[in-house]
Structures are given as structure tokens and as C-alpha cells.
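Hi everyone, thanks for coming. Let me put the structure up on the screen, and then I'll walk you through how its pieces pack.

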Amino acid sequence: MSEAKNPVPIYHKIALTVKEAAELSNIGMNKIDSMLRQPNCPFVLFVGTKKLVKRKEFEQFISNTLIL
């Protein structure tokens, strides 16, 4: 029983994996990973060595700074 019966929808999550952030934003995983590596990235969350994306800050960053 490794998979949850009712997974949490992306819009309810506080932190996303790089893959989930890519699916949400339609930005490639490599581009998101490079954005997370930038100094003072406002939406990166480190859990040990794992990088997660703070969803609300990421959405705000996209709407304020990127032209899609």
C-alpha cells in the first residue's frame, strides 16, 4: 500500500516537488531547477538536501516577474 487512495490535489499543497511545479506552471523541470539554484530564490524550501517549491510564492513570482 505505497500509494495513497486520495492524493492531495496540487492546489491544496503548500510545497510542491519540481515535477509538480512543472506540471502546474507548464515550465520545464530543468528551468525550475535552475531558478531554485539562484541566490535568494523566494520560493525554494530545503528539506534536508531535497528542494521543494513553495506554491504560493512560486505563483506570485511567476505572475509578477515572468512574461509567459
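Helix α3, residues 55–65, lies across β1 and β3 and runs at about 65° to β3. Axes here are lines fitted to C-alpha atoms, for helices over the stretch in contact, with angles from 0 to 180 degrees between N-to-C directions. Helices (H or I, at least four residues) and strands (E, at least two) are DSSP runs, numbered from the N terminus.

A word on provenance: this is a predicted model, where local features need pLDDT of at least 70, side-chain atom pairs count only at pLDDT 80 or more, and totals for chains, interfaces and linings use all residues. Residues are numbered from 1 along each chain as its sequence is written, and side-chain values use heavy atoms, leaving out hydrogens and water.

Beyond its neighbours within four places in sequence, Arg 55 contacts Ile 10, Tyr 11, Lys 13, Ile 14, Leu 16 and Leu 24, contact being heavy atoms within 4.5 Å.

Leu 16 takes us to the sheet: its bridge partner in β3 is Val 53. β1 and β3 (residues 50–54) pair in the antiparallel sense over 2 bridges; pairing requires at least two DSSP bridges between the strands. The open sheet has 3 strands, ordered β1-β3-β2. β1 (15–16) and β2 (44–47) are at the edges with a single partner strand each, so one side of each lacks a neighbour in the sheet.
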